[in-house]
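Hi,

Here's the model I promised to pass along.

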Amino acid sequence: MKAVILLSGGLDSSTVLYQALADGYECYAISFDYQQRHRKELRSAVSVAQKAGVTQHQVVKFDLTQWGGSALTDNSISLPQERSLQEMSQNIPITYVPARNTIFLSFAASYAETIAAEKVYIGVNALDYSGYPDCRPDYIKAMQEVFRLGTKQGREGNPINIVTPLIDLKKTEIIQLGNKLGVPWELTWSCYSGGDVPCGVCDSCRLRLAAFAELGLTDPVEYAFRSKV
């Protein structure tokens with residue numbers, strides 16, 4: 001059995017990779033260099049994929065900075081920092097990259113059909129405070145229909161299924177699952193910034209640190225500043 005895993009190098013996608021391995025799949029990881037703000041997450045993706053022993057790891061390159069529209073693809077847009085969880089939940093943040101998961105899943109569908117994979121695993125989460133529109137159940141349901149209608153495999157009655165193990169989990173529950181699966185947190189990178197170490201003050205860092213703290217655990221990653229949410 002084969003599965004394609006969308007692997008960013010962060011906490012969520014790394015947990016999903018290890019879940020797919022636990023589910024018994026031969027894993028083919030796919031990561032994306034879309035000229036995002038930094039390459040730290042890609043280096044983490046390579047390290048996590050190697051540690052997990054994936055069968056193959058593809059890094060697909062394209063350029064979303066051509067039209068920007070996000071703090072992750074336009075360096076002139078400042079990253080939100082030191083925001084509370086309540087502030088994070090109020091609006092879709094500027095770190096949302098327009099239609100990113102639609103682009104990623106399209107590449108994953110092509111890759112999966114080429115290698116005759118049964119599943120595509122993606123680490124979307126509907127409970128995260130970021131509230132990205134392309135991380136929600138109705139969106140995944142719609143993309144599943146695209147996979148069914150837009151591929152030869154789907155039209156022949158053997159659709160590639162999108163698997164979302166984390167979609168209904170809190171960040172604390174994701175960490176607990178990752179601990180159970182043996183995810184190497186020290187290799188992961190969740191920070192939106194690109195310094196020598198994670199900043200500790202962007203939304204992603206604060207969500208991650210808050211979840212480890214709620215569990216009474218210490219994130220093994222070194223931070224420039226360990227903020228309290």
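Predicted model: local features only at pLDDT ≥ 70, side-chain atom pairs only at ≥ 80, totals over all residues.

**After H7**

Residues are numbered from 1 along each chain as its sequence is written, and side-chain values use heavy atoms, with hydrogens and water left out.

Back to H7: Lys171, Thr172, Ile174, Ile175, Leu177 and Gly178 are buried in this helix. Buried means under 20% relative accessible area, exposed over 50%, and partly exposed in between (1.4 Å probe, protein chains only). The buried residues of H7 pack against helix H1 (11-22) and H8, where contact means heavy atoms within 4.5 Å.

**The cysteines**

An unreviewed UniProt entry lists Cys191, Cys199, Cys202 and Cys205 under "binding site". UniProt positions use the numbering here, feature names are shortened, and annotations may be inferred rather than shown by experiment. From this set, Cys191 is part of the lining of the largest cavity. A cavity is a set of points on a 1 Å grid over the protein atoms alone where a 1.4 Å probe fits but cannot get out, and lining residues have an atom within 4 Å of a point.

Cys199 sits in the loop between helix H7 (171-181) and helix H8 (203-214). Cys199 is buried at 13% relative accessible area, and, not counting residues up to four places away in sequence, Cys199 touches Cys191, Ser193, Cys205, Ala224 and Phe225.

Cys202 lies in the loop between H7 and H8 and is buried, at 1% relative accessible area. Leaving aside neighbours within four places in sequence, the contacts of Cys202 are Pro80, Cys191 and Tyr192.

**The whole chain**

The protein has eight helices and five strands, running β-α-β-α-β-α-α-β-α-α-β-α-α along the sequence. Its radius of gyration is 17 Å, close to the 17 Å from the globule rule for 229 residues, so the protein is as compact as a globular protein of that length. That radius is taken over C-alpha atoms, and the rule is 2.2 Å times the number of residues to the power 0.38. Of the 229 residues, 52% are buried.

Cheers

Notes: 1 Å grid on protein atoms, 1.4 Å probe; cavity = no way out; pocket = protein on both sides within 12 Å on 5 of 7 lines; lining within 4 Å. Helix = DSSP H or I, 4+ residues; strand = E, 2+ residues; numbered from the N terminus.
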